[in-house]
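Me: Could you walk me through this one? I'd like to start with the ligand and then move on to the fold.
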Amino acid sequence: MTVRTMTIALGVAAAAACAASLAVTARAQSEAGDGPRYRNGNELVRPDDYREWMFLSSGLGMTYEAERVGEAGSGARPMRFQNVFVNRSAYAGFAETGEWPDGSVFILEIREAVSEASINVAGSFQSELLVLEAEVKDSRFEDGWAFYNFGRAGAMPDSVAPLAGEEVARCIECHTDHTAVERTFVQFYPVALEIAREKGTLKPGF
Ligand code: HEC
């Protein structure tokens, strides 16, 4: 090996080592950092990568309040998909204990349901993003949880303050009285439901 080729070889090796260490750093950061990010106190920064998180399940045209039954898909209210995602570190904790760890972030994504497009003649598929809501379990909040609404697609702020007063009272009531695990609707997420059943963390009645 001439001095010149040796220098090039060393340079290549150094570059490779550097790239490898950068990759390790990036991975460590994303693993350590998928929890809630806040701005101006308790404003939740909208997680751009939630579509790379764990997918819990989808609901189609679900309505929760009795007076709305019959509205979904009946013309008065178009059919919509609701997709639920949770950050990976939270899911890993849940898989071990059946309880959501501090720093769990849930995203509820509402999308338009479309049919009779492309080759589709029956059934529905998901289309445009309509609304994003979020929920966080974090001991920084008085009762350990906070609810957020990022609003409609196209006009979503990068961060939003936690819902308060009347607005959050609705969320808390339904997410306390009708949820299978803590404040979450695990009864509608089949794989998480199996885990909770196995770990014995379902609320009585589930
Ligand atoms: C009347 C009942 C009800 C109310 C009120 C309600 N939710 Fe939910 N929420 C549900 C149900 C049922 C699900 C299960 C997922 C689905 O819709 O497919 C859910 C799921 C969620 C999820 C996914 C994680 C989880 O808890 O399972 C988030 C995030 C969420 N809701 C946010 C909110 C916010 C924010 C509010 C208040 C603005 C709110 N919800 C009000 C019934 C309710």
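Reply: A word on terms comes first: helices (H or I, at least four residues) and strands (E, at least two) are DSSP runs, numbered from the N terminus. This is a predicted model, in which local features need pLDDT of at least 70 and side-chain atom pairs count only at pLDDT 80 or more, while totals for chains, interfaces and linings use all residues. Residues are numbered from 1 along each chain as its sequence is written.

Me: OK, which element gives the largest share of the shell around the ligand?
Reply: That is helix 3, which contributes 4 residues to the shell.

Me: And which residues come nearest to the ligand?
Reply: Gly-59, Tyr-64, Cys-171, Cys-174 and Phe-185 come nearest, out of 22 residues around the ligand, where a residue is counted if its C-beta atom, placed from the backbone, lies within 6 Å of the molecule. The elements that supply two or more residues to this shell are strand 4 (80-86), strand 5 (104-114), strand 6 (125-137), strand 7 (145-152) and helix 3 (165-177).

Me: How do the shell residues divide into nonpolar, polar and charged?
Reply: The shell holds 12 nonpolar, 5 polar and 5 charged residues, with Ala, Val, Leu, Ile, Met, Phe, Trp, Tyr, Cys and Pro taken as nonpolar, Asp, Glu, Lys and Arg as charged, and the others, Gly among them, as polar.

Me: What about strand 4, enclosed or in the open?
Reply: Strand 4 is largely enclosed by the rest of the structure, since 5 of its 7 residues are buried. Across the protein chain, buried residues make up 20% of the 206 residues.

Me: Changing topic, what order do the strands take in the sheet of 5?
Reply: The order is 3-4-5-6-7 in an open sheet with antiparallel pairing, two strands being paired if DSSP finds at least two bridges between them. Strand 3 (54-60) and strand 7 are the edge strands, each pairing on one side only.

Me: How many bridges join strand 3 to strand 4?
Reply: There are 6 bridges between strand 3 and strand 4, which run antiparallel, and Gly-59 stands opposite Gln-82 of strand 4. Strand 4 and strand 5 also pair in the antiparallel sense, over 7 bridges; here Asn-83 has Glu-109 of strand 5 as its bridge partner, and Phe-81 stands opposite Arg-111 of strand 5.

Me: And which strands form the sheet of 3?
Reply: That open sheet has the order 1-2-8, again with antiparallel pairing, and its edge strands are strand 1 (38-39) and strand 8 (159-160). Strand 1 pairs with strand 2 (residues 43-45) over 2 bridges, with Tyr-38 opposite Leu-44 in strand 2.

Me: Last one, how many helices and strands are there in the protein chain?
Reply: The protein chain has 4 helices and 8 strands, running α-β-β-β-β-α-β-β-β-β-α-α from the N terminus on.

How values were computed. Buried ≥ 20, exposed ≤ 12 C-beta atoms within 10 Å, placed from the backbone.
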